[in-house]
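This report describes selected features of a structure, from annotated spans to helix packing and aromatic pairs. The sequence and the structure come before the discussion.

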There are 2 protein chains.
Amino acid sequence: MPKIVDHEQQKIKVAEATWRVIRKAGMENATVRQIAQEAGFSPGLMRHYFSSQTELLAYAMNLVAERVRQRIESYPFSGTPLANILWILGVFLPLDEERQAEMEVWLAFKVKSLTDPSLQELAMRVRAEMKAVMEQAILSLIESGEARPGLRADAESEPMLVYIDGLALHGLLYPDQMPQSRLSELLKLYVESLCNESNEQGVTD
Amino acid sequence: MPKIVDHEQQKIKVAEATWRVIRKAGMENATVRQIAQEAGFSPGLMRHYFSSQTELLAYAMNLVAERVRQRIESYPFSGTPLANILWILGVFLPLDEERQAEMEVWLAFKVKSLTDPSLQELAMRVRAEMKAVMEQAILSLIESGEARPGLRADAESEPMLVYIDGLALHGLLYPDQMPQSRLSELLKLYVESLCNESNEQGVTD
């Protein structure tokens, strides 16, 4: 058993080194050699954990998604529906250093998936998961009576996903024009637009 | 004079070869060697036009923006404000093969700009241009009396840019979930949300 745990921990070490290489030098420099150097692994040791670059990148991409999943699963959802939806959407925005790192790496993987079919399935699975999380958040808002009249969870979840991904993209690419304070502000305005007008004050405060 | 024209045309040839390499094999394979091969240029001839990979990539990135600019400048804006705003936002979405190619390449350049400062300034300049185009489109909608009460061009242009970039991203990354028909549908729903309720019928038809 300790051996298995160690095996997994070593793979996580390599994945985290992969993230650092991508953030520092771009996907074009995320070669097995560069990643081994960053992780402090010999080429032989690398081959022990990953048989190919493709396998390594898929593992490193999946680990980003897994970290985000764990964060959502550990959230108590004990606040108001409004606070919950702001929190859940904030999970997918670069609102602190940790999320910014995750999202930079995730975006690089998504763009790589355009030319690397082995990453496409994961990208699509995570998209479906995010959409489901958002649909659930909208449903809670509707059930609480705070949603604006006519809001439908099935119709709004995809535009919501698109807008949140757009915000994340702008936060990463244009940090001067879209600092964390502006991301938070636009997020609040968006959530307000889903709510009864009488509730808007509560979101803004 | 013919020599200057030829010089520029040869550079455009190289830029277009760069786009093809990026689309087929990803930014990580957009090396001077690969691009020369795709363009059918010798290494010596490549050096005649571009002194470095950085210069080449910046030129190829700028040419994407230039093509989009030209398309906007040649549009007569002779339709209704609603038709105009749908057209102008459609310029930035992968609604046909040509725009899909442009946007895939543009996204790859934007992501590369995260680790390549020489591309950042252009990415930011184009963002500002797009925002200005959108602000103008919203102003036209307001002036025509078709905007919903309270719509403000200065406040809406940035959320609009974010949403359109989110749509473009989803159209590129998830073509199965977000085919051109769905992109057009979400675009219309978004433009409807900016309009007087009495006008919505006209947009949907």
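The end C-alpha atoms of residues 8-68 of chain A are separated by 18 Å, and this span is 80% helix and 0% strand. UniProt, in an unreviewed entry, lists these residues of chain A for "domain: HTH tetR-type". A further annotation from an unreviewed UniProt entry, "DNA-binding region", covers residues 31-50 of chain A. The two spans are set out below.

UniProt positions follow the numbering used here, feature names are shortened, and annotations may be inferred rather than shown by experiment. Helices (H or I, at least four residues) and strands (E, at least two) are DSSP runs, numbered from the N terminus.

The model is predicted, so local features need pLDDT of at least 70 and side-chain atom pairs count only at pLDDT 80 or more, whereas totals for chains, interfaces and linings use all residues. Residues are numbered from 1 along each chain as its sequence is written, chains are lettered from A and ligands numbered from 1 in the order in which they are written, and side-chain values use heavy atoms, with hydrogens and water left out.

In chain A, helix H6 (residues 97-113) packs against helix H8 (residues 153-173) at an angle of about 105°, with the axes 10 Å apart. H6(A) and H8(A) are therefore roughly perpendicular to each other (65 to 115 degrees; under 35 is roughly parallel, over 145 roughly antiparallel and the rest oblique). The axes are lines fitted to C-alpha atoms, for helices over the stretch in contact, and the angles run from 0 to 180 degrees between N-to-C directions. On the side of H6(A), the contact (heavy atoms within 4.5 Å) is made by A:Gln100, A:Met103, A:Glu104, A:Leu107 and A:Lys110, and on the side of H8(A) by A:Asp165, A:Ala168, A:Leu169 and A:Leu172. The residues of this contact comprise five nonpolar, one polar and three charged. Here Ala, Val, Leu, Ile, Met, Phe, Trp, Tyr, Cys and Pro count as nonpolar, Asp, Glu, Lys and Arg as charged, and the others, Gly among them, as polar.

Helix H7 (residues 117-143) of chain A contains A:Val126. A:Val126 is buried, at 9% relative accessibility (buried means under 20% relative accessible area, exposed over 50%, and partly exposed in between, with a 1.4 Å probe and protein chains only). Leaving aside residues up to four places away in sequence, A:Val126 touches A:Ala65, A:Arg69 and A:Trp106.

Over all chains, the structure holds twelve aromatic pairs. Rings of Phe, Tyr and Trp (its six-membered ring) pair if their centres lie within 6.5 Å; planes under 30 degrees apart count as stacked, over 60 as edge-to-face and the rest as tilted. One of the pairs, B:Phe77 with B:Trp87, is edge-to-face, at 6.2 Å centre to centre and 80° between the planes. B:Phe77 lies in the loop between helix H4 (53-73) and helix H5 (81-90) of chain B, and B:Trp87 lies in helix H5 of chain B. B:Phe77 is partly exposed at 38% relative accessible area, and B:Trp87 is partly exposed at 26%. The phi of B:Phe77 is positive, near 50°, in a residue other than glycine.

In chain A, A:Tyr75, A:Phe77 and A:Trp87 form one aromatic cluster. A:Phe77 has a positive phi of about 50° although it is not a glycine, and A:Phe77 is located in the loop between helix H4 (53-73) and helix H5 (81-90) of chain A.
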